Structures are given as C-alpha cells and as structure tokens.
Protein chains: 2
Amino acid sequence: MSVTTKATIASFGGKLLKLAHNASTTSCEMNFNLYLPPQATNNPLFRVPLLIYLAGLTCTGDNGAEKGFFQHKASQKGIAILYPDTSPRGLKIPGEDDAYDFGSGAGFYVDATKEPWNKGYQMYSYITEELPRTVFGEFKQIDPERVSIFGHSMGGHGALTLVRIETLLLLRLEEHRLIDEQYLRNPGKYKSVSAFAPISNPMNCPWGEKAFKGYFGEDKTKWAEHDATELVKKWSGPPLDILIDVGTADNFYKQGQLLPEDFIKASEGKGKVNVRFPDGYDHSYFTMASFADDHVGHAARYLIA
Amino acid sequence: MSVTTKATIASFGGKLLKLAHNASTTSCEMNFNLYLPPQATNNPLFRVPLLIYLAGLTCTGDNGAEKGFFQHKASQKGIAILYPDTSPRGLKIPGEDDAYDFGSGAGFYVDATKEPWNKGYQMYSYITEELPRTVFGEFKQIDPERVSIFGHSMGGHGALTLVRIETLLLLRLEEHRLIDEQYLRNPGKYKSVSAFAPISNPMNCPWGEKAFKGYFGEDKTKWAEHDATELVKKWSGPPLDILIDVGTADNFYKQGQLLPEDFIKASEGKGKVNVRFPDGYDHSYFTMASFADDHVGHAARYLIA
C-alpha cells in the first residue's frame, strides 16, 4: 500500500502533494492529491482533521486542487484536504472511454455489481475504505477520527451518499456520547457533509439512470441505496445540518440533472438542510471558488473542537 | 472597436466576462477576460479602478482568471481585473506555433520591429493603447484614471517594462501635484506595479535573448528599452514601491531565466523594491494563488483613495 510522491507544491503556507498508489479495489494505479496545511506536524498531539473533496464528471483529483481555492480557508483553519480521482483509469474495459458521463471520469462513487464494470469500478470501497486507510497509514499528521466530506455535481452525489445519512445519525449520537466508539475509528465515517450542485436524486435524472443501469443493472433497490433523496427519506434521528449551493444559472440544474428540490422535500422537518440558490452562478469551478470559504468553514465547525 | 461577449460567469459576487474584439495592432481577433467586481455600477461617480494582469509564456487570458485567485481580494476591494492574451493568434506566420517561448503565447509585450513578426506581434501597443481604449470605451463602470498592472514570469517582465519606470516617476510626481494631468488620461499609465517571478533582465537570459533577437534583431539599444533592469538603472526620482515574489523552488529562477538579483542591484537606493523569496514555492499558479491577496492589496493601496 505504498504511496509514491510525484510532486510537492507549496500552497497557502502548506504543501500540496501529488501522489499515486496501486489500489486493489480499483485494480489500477490511482492518482490523488493531498493538501497538508501549515499546521500539520508529526506531533501526534497536534494532528489535523481531513476534508475529502469528491469531484464531478470528467474531473480528476487536480481540478479542485487547482481551481476550487479550498486551500485558502483550509490553511487558516488547519484542515488537510484529500482530492481523489473520479474513477479507475486504463482498465481497458470496452467502451470505458466512450462517454463523459459513464466509465472513466464517471465512477459515481458506487461499487458496480454488473459485468464488466464490477472489475475495478469500485469507487465506493475505494473512497470509504482503501484510500483513507492508505492516507492514514502514510500521513500520521492526519487524525483519522476527524473526517468530513464534500463534493461537486457527481461528487456532491458522492458526498451525500457516502455519508449515507444513517452515518449522520451516528454523528449526532456521538455528540450525545451514545455511540460505539469502534465505529468511528473506521475510515469513511464523516463528521459533516456539504455539496455544490449535487446530483440529488440520481434515480430520476438522465445522468443517474444511465450510470445506475450501467453499474447495477435493473435492480432499483440497489439504485435507492445510492440515491441521496431516497436515503434522507429514511432519516428519523436528530436534526441534520447540510449545506448545499446550486447556482440559478447552472445549466445542469435547469436540465433536471440535479433535482435539489427532491432532496429538500424529502428532508423536510429533518433539520437544517440549507440549500442556497445563489443568483447567476453556474456549474463551474468559478462558483466553487466563490463559496469555497463557506463550505470549508461548514466542515471546520465539525472538525475543529 | 466593438466587443463581443462570449460568456458571463458569476465570480465572487461580481462577473467574469469572456470577451473578444478585432484588434488592429495585432491584426486578429483577441480574446480577453474582464472581471467586474460587485461594486461596479453604471454611476459615473462610483467607477471602479482597473488592475491589468499579464500572463506568462504559453498562457492566455484564462489562466489567471481561473487559477490566480485574484478575484477574491478584488471583489472585497472593488477592483476590476483585465486579463489579456499573451500574443496574437492564428496569423499564419511560418514558425509561429513551433516553440513555447517564441511566437504564439510568447509575445513578450513588445512591438516587434523585425520581419515577419512586425505584422501583428505588437503587444506593447495592444496592451498599453488599443486594449485599454477598447475596454474604457465599452465599460463605463471602469475609471481610466486609476489603472495598475502586475504579471507573472513573461508577464512580470511585461508589467515592469510597460510601466517603464519613467512612468513611476510621473506617478510620484502626481502625488506631489506636479504632473501634467493630460498625461494620466492616456491609457497604459499605471498607478502601481508588482510581479510574480518576473523575467527581470531579459537581455541576459535565454528566454529574453531568443525573444528580443527574434522580435528586434541584433540592435541591443532596442533590447534595453524593454529590459526592466536596464530601465530601473535610469531611475533618479522619488522612491519606488514595487512588490515582487520569486519562490525558492522556482525552476526557472534556478535556471537563470528570472535574474531578480540583477533588478535588485540595479534598483538599490531607489526606494522600496520588496523582492520576497518565499521558501519552497515554485513557478506555478499555486504560488500566485497563495500570494494573490498581497499583490491585489499592493495595487489597492494605490488605486483606492
């Protein structure tokens, strides 16, 4: 599980590491970026928390690191940021590179069950288990017990579904000291979640239907396990606290790919699901840069005591 | 001189406009970006100042707008930012696209005198005259009398030489109310200058020698007119105030392409030439993003009363 460092880049007083490792879940070498803020030291008493950023369709781990400006606030707050890739690469599955919204660059953060994609398209296991285990093993500056998640578009879907709502229940219980502590030590359990322009109800939009049919086949119970709107319907615990931004000039919002209203409706009465619709903002990284401080700040409230 | 708007993108509360116009100096259509901060209105009593960002080799007007993070501070201060391209495009001059450091993407902000480049490679006139005239004509929200400039690498050279040091004398005189006011109304006269990793003494580095030989021929008096170190040697007026950042991990600095020490030496005793060498920073936009607030802040001190 060794990690190769391809570059070390100074950024906002900390270091952006361009890394790679051979991942067994995805059956290939995976590139990722890790931002270590200036507060990261090797002193186990001063470990920094981790915020995982899941990118959208066509992206790699580079887009958020270069254009999201999340490092700005993260360097002030002392938060590491993990930027994974969005799919396996180079598996030579027929059709893998044919579409921007399925296959490479479009792993949808699920474990595919359908042939041939089940060989390597295991991004759920990769993001929730193998990658954090690798990172925590290699970077002792990071505290495995303080991890949050956020993402954009397909990565917003990823953030909202990897957190799996049920997990948020556990987080709330943790506040009430009722939780099994062992559970929190597992990687992939998150202290908070936020999203930019998330695909909020993939079962009912073209992107999600294509991806879920391709990765799961026709079994819609499987689809529902990875649909944020379906998951939040089941929520019956303490109040949620989720921040979501969807710009009014987002073409994919207008085309019905994001469906935040479905998520809002399904989460009614279940806490603070703060879905903002900033006027004139589009689906691009310009929107994320503009509201980066808010989203990193949202995570900071849960990650930093 | 009409300007075509190709896109309007919300950014940090303002608008990033992707624009194009047919430029006579460069004999082609030129793309550029203009950031209008939220403070920009059509009220002539509340016009915003302008900061021009000159990009480096291989870049277009997009790089700084996407990865420089300059809009962050500009939106707070109420400063518009103009992001021009780095050369003419598509002139079909033989060899134009053969090298990354000469021809397209490498105009060096000079008016070429040598055939065939003198047909269109007139970036000095374009940046100091045609483009600002076009922008001020089209965007009445911008105050033509408050303009600053900065840039990166080749664009740092551009900023330091377009400002032409002599101009800084006039700026200082302006503070003493001694200046010909008519002069300040011309576009291309700047209130302040700063630079990231500027090519500070192009006559003595491989990039500059290649470019100046190609655009000017062997006449070194012409070279000296566009060499920041040569220009600052002539300075004999009130104290300068220039901010420059050169990272210690900048490979082009290490290779002797930037030569900031020559500029420091030539400017000794001539005011505050604050050349910082931040530890571990490289030549990339990650460095600019990290210190963007400082450079926009430097300009703001001169642009905002």
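This is a predicted model: local features need pLDDT of at least 70, side-chain atom pairs count only at pLDDT 80 or more; totals for chains, interfaces and linings use all residues.
Residues are numbered from 1 along each chain as its sequence is written, and chains are lettered from A in the order in which they are written.

Two copies of a chain are related by a rotation about an axis and a shift along it. Here chain A can be laid on chain B with an RMSD of 0.0 Å by a turn of 180 degrees and a shift of 0.0 Å along the axis, the copies being superposed by least squares on the C-alpha atoms of residues with pLDDT of at least 70 in both. That is the relation of a two-fold axis. Of the residues of chain A, Lys67(A) comes closest to this rotation axis, with its C-alpha at 2.7 Å.

The contact (heavy atoms within 4.5 Å) takes 20 residues from chain A and 21 residues from chain B. Of the interface residues of chain A, 100% are also interface residues in chain B, so the copies meet through the same surface.

The area buried between the chains is about 1,700 Å², and carbon and sulfur atoms give 66% of it; buried area is the accessible area (1.4 Å probe) that two parts lose on being put together, summed over both. Ala10(A), Phe69(A) and Phe286(A) supply 36% of the area that chain A buries against chain B, more than any other three residues.

Across the interface, the rule for salt bridges (a side-chain nitrogen of Lys or Arg within 4 Å of a carboxyl oxygen of Asp or Glu) finds 0.

Technical notes
Side-chain values use heavy atoms; hydrogens and water are left out.
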